[in-house]
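Me: I would like to go through this model in a series of questions. Please show the sequence and the structure to begin.

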Amino acid sequence: MYMTTDHRSETRAQRIALVALFAALMAAFGLIPKIDLPLGVPITAQTMGVMLAGCMLGAAMGFQALLLFLAAVALGLPLLSGGRGGMGVFFLPSAGYLLSYPLAAAVAGLVMRNLAGKGPSSPMRLAACAFVASVLGGIVVVHVFGVVGLMLLAKLSLVQAAVGTLVFVPGDLVKCVLVALIVHTVARGLPDWRFGGRRL
């Protein structure tokens, strides 16, 4: 069965709208005050947006949403926590974390899709899948990039950077739980939602 031109256009428009929506959601998370640390990397709520984008949209659209967000930041829009924006933020010690966002969302989306599989799943199972996907994409990928950024831009050793980034992990695990709860809620209210871009 072939989709009509109108149906394809509608689907494309929906995808664009969702990408823009989650880029805007990232900006909204940026309104939550940041907590500055001596490491030069603040604690923010925006990594939760990365996790949500991957779990809710899937790898491709999650990647696009975060790429759109970073492009807006690079153009100077003050969308990061604390009202930061512009090219300068990509040369600070936190740059590795920021640059990881699109890939982290993509990894979360891939993990979510593969764990959820095809066909209907219970809200509880989808929530568990979202937690694992958030850990792998929103913690592992983000912190690997973050450690590399600290080594290159803050001139820390591998051990110093790895130990320094551990302070973020407890808060990030809380974000993973919150993402799982959100996915559980959405799965109950919108059972046809394609978490991780999975096929129903």
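Me: How many helices and strands are there in the protein chain?

Reply: This is a predicted model, in which local features need pLDDT of at least 70, side-chain atom pairs count only at pLDDT 80 or more, and totals for chains, interfaces and linings use all residues. Residues are numbered from 1 along each chain as its sequence is written, and side-chain values use heavy atoms, with hydrogens and water left out. Helices (H or I, at least four residues) and strands (E, at least two) are DSSP runs, numbered from the N terminus. Read along the sequence, the pattern is α-α-α-α-α-α-α, and the counts are seven helices and zero strands.

Me: What is the radius of gyration of the protein chain?

Reply: The radius is taken over C-alpha atoms, and the globule rule is 2.2 Å times the number of residues to the power 0.38. For 200 residues the rule gives 16 Å, and the chain comes close to this, so it is as compact as a globular protein of that length. The radius of gyration is 17 Å.

Me: What share of the 200 residues in the protein chain is buried?

Reply: Buried means under 20% relative accessible area, exposed over 50%, and partly exposed in between (1.4 Å probe, protein chains only). By this criterion, the buried share of the 200 residues is 46%.

Me: Is Asp-172 buried or exposed?

Reply: Asp-172 lies in helix H7. Leaving aside residues up to four places away in sequence, Asp-172 touches Thr-47, Met-51, Ile-139 and His-143, where contact means heavy atoms within 4.5 Å. Because its relative accessibility is 4%, Asp-172 counts as buried.

Me: How far apart in space are Pro-191 and Ser-122, C-alpha to C-alpha?

Reply: Pro-191 is found in the segment after helix H7 (169-189) and is exposed, with a relative accessible area of 57%. In sequence, Pro-191 and Ser-122 are 69 residues apart. In space, their C-alpha to C-alpha distance is 8.9 Å.

Me: Which class of aromatic pair do Trp-193 and Phe-195 form?

Reply: A search of the whole structure finds two aromatic pairs. Rings of Phe, Tyr and Trp (its six-membered ring) pair if their centres lie within 6.5 Å; planes under 30 degrees apart count as stacked, over 60 as edge-to-face and the rest as tilted. Trp-193 is partly exposed at 21% relative accessible area, whereas Phe-195 is buried at 0%. With 6.4 Å centre to centre and 45° between the planes, the pair of Trp-193 and Phe-195 is tilted.
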